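Here is a note on ring contacts for your review. Please have the model open while you go through the points.

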Amino acid sequence: MLHQFAAASALGAGGVLVSMAPTPRAAAAAALYAISLVVLFSVSATYHRVDWSPRGRAWMRRLDHASIFILIAGTYTPVALLGVSGAAGDSLLLAIWCGAFVGVLQSLFWVGAPKVLTAALAVAVGWTLVPYLEDARRALGVTELSLILAGGVAYTTGAIAYALKRPDLRPGVFGYHELFHALTLVGAGLHFAVVLRLVRAASA
């Protein structure tokens, strides 16, 4: 249910974000990011809220996991195009989409992969920024970089809870899986703030 409401919110917020973009480059980056955000929450909500047949559920699980990597790459796109930019930005953009492609392939064709492996791959792709931290520090403000890192910590904490199946706070009501989804909202909110600041600054 968290992601069901988040999908509708992301659609509206994404539309506003794109409409605010002052340049075609900023609009394209914002649109790709917004699409990835809506896809993640829509697929997740549809997967978890519908009573699927075993075959349908298996395919939705594939899409659910694949959409995580799409969101990671979509979130990095404005950072690379509007924030880091230049040769380092191009390199970061290539690296993140290559990593996301690997993650999508794993999600679609190795659906039975252990949760620990799936979570570890998502975390590894999610922290693609690490080799570019110095470039990001020079190109971004303290606020933007802090928000990116805080969002990364939220996503990573959720992935760890998903992989370890704990803490299982209130099983059947708000357990480790719900915590994972809630922390996804926290990470998405922090990163949305970053993209918003980058898009607004693109006119400078």
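1. Burial first. Buried means under 20% relative accessible area, exposed over 50%, and partly exposed in between, with a 1.4 Å probe and protein chains only. By that rule Phe180 counts as buried, at 15% relative accessibility. Tyr162 is buried at 9%, and Tyr33 is buried at 1%.

2. Ground rules. This is a predicted model: local features need pLDDT of at least 70, side-chain atom pairs count only at pLDDT 80 or more, and totals for chains, interfaces and linings use all residues. Residues are numbered from 1 along each chain as its sequence is written, and side-chain values use heavy atoms, leaving out hydrogens and water.

3. Aromatic pairs. Rings of Phe, Tyr and Trp (its six-membered ring) pair if their centres lie within 6.5 Å; planes under 30 degrees apart are stacked, over 60 edge-to-face, the rest tilted. In one, Tyr33 and Phe192 have ring centres 6.2 Å apart and planes at 40°, so the pair is tilted. Tyr33 belongs to helix α2 (residues 24–49) and Phe192 to helix α8 (residues 176–201), so the pair ties together parts 159 residues apart in sequence. Helices are DSSP runs (H or I, at least four residues), numbered from the N terminus.

4. Tyr162 and Phe180. This aromatic pair is also tilted: 5.0 Å between centres, 40° between planes. Tyr162 lies in helix α7 (residues 142–164) and Phe180 in helix α8, so the linked parts are 18 residues apart in sequence.

5. Charges over rings. The criterion is NZ of Lys or CZ of Arg within 6 Å of the ring centre and within 35 degrees of the ring normal. Lys115 places its charged end over the ring of Tyr162, 4.6 Å from the centre. The charged end of Arg62 sits over the Trp59 ring, 4.5 Å from its centre.

Note on methods: Helix = DSSP H or I, 4+ residues; strand = E, 2+ residues; numbered from the N terminus.
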